[in-house]
Amino acid sequence: HLPFISGEAKPEIATKSSTQIAAWFRDKLDVPIGNPFLFGALQFMGARLCWFKGKNPVAYLMGSWEGHPISMFAFNKGHFRFPKGQKIQLLKNKYRVANAGKFNAVLWERGNTAYVLLSDLRPAALLSLASGGNDS
């Protein structure tokens, strides 16, 4: 997240369209990223492919909400162990909220895909974005 907010991390695909971003990642990841991030209010600026531990592909989506930079990561949940954090259930979906220094993170899973939202936003705001404001 720090390289994004400092301007060092540039998108490989520069677009505001989450549909175009999902299509760009289709043959780059071993799991679909789907479209759980069609939050309406979240504004994307692009995305890039990153690697976890040098071998596991990670979709890195860059965006903002109400002027706050937000990094979103999507990857195969089998490649990563979620850090400890507060567990929260909203209707049918489970989330984990964690703190990473100056930033807050919300983590969740859909099928074999894991997602992380990272920002300086309060955890409640990140949870609202992660659930689309309507977690059903």
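The largest pocket in this predicted model has a volume of about 300 Å³. Which residues sit closest to its centre? Of the 18 residues in the lining, those are Phe-73, Phe-75, Phe-80, Leu-107 and Val-116. Strand 1, strand 2, strand 3, strand 5, strand 6 and strand 7 each bring at least two residues to that lining. Sorted by class, the lining has 15 nonpolar residues, three polar ones and no charged ones.

Now for the chain itself. You can count three helices and seven strands, and from the N terminus on they run α-α-β-β-β-β-β-β-β-α. Buried residues make up 46% of the 136 residues. If you take contacts between residues at least 6 apart in sequence, 51% of them join residues at least 24 apart.

In soluble globular proteins, nonpolar side chains tend to be buried together.

| Core | Residues in it | Among its members |
|---|---|---|
| Largest nonpolar core | 29 residues | Phe-25, Leu-61, Val-106, Trp-108, Leu-117 |
| Second, separate core | 13 residues | Tyr-60, Met-62, Ala-105, Ala-114 |

In the largest core, Phe-25, Leu-61, Val-106, Trp-108 and Leu-117 touch the most other members. Elements giving two or more residues to this core include helix 2 (18-25), strand 6 (103-110) and helix 3 (123-130). Helix 3 gives the most, with five residues.

What does Val-106 touch, leaving out residues up to four places away in sequence? Among its partners are Tyr-95, Val-97, Leu-117, Pro-123, Leu-126 and Ala-130.

Methods
Residues numbered from 1 in each chain as written. Predicted model: local features only at pLDDT ≥ 70, side-chain atom pairs only at ≥ 80, totals over all residues. Heavy atoms only, no water. Core = buried A, V, L, I, M, F, W, Y, C linked by side-chain atoms within 4.5 Å. Buried < 20%, exposed > 50% of the residue type's maximum accessible area, 1.4 Å probe, protein only. Helix = DSSP H or I, 4+ residues; strand = E, 2+ residues; numbered from the N terminus. Contact = heavy atoms within 4.5 Å. 1 Å grid on protein atoms, 1.4 Å probe; cavity = no way out; pocket = protein on both sides within 12 Å on 5 of 7 lines; lining within 4 Å. Points joined across faces, edges and corners; volume = space filled by probe spheres on them. Nonpolar A, V, L, I, M, F, W, Y, C, P; charged D, E, K, R; others polar.
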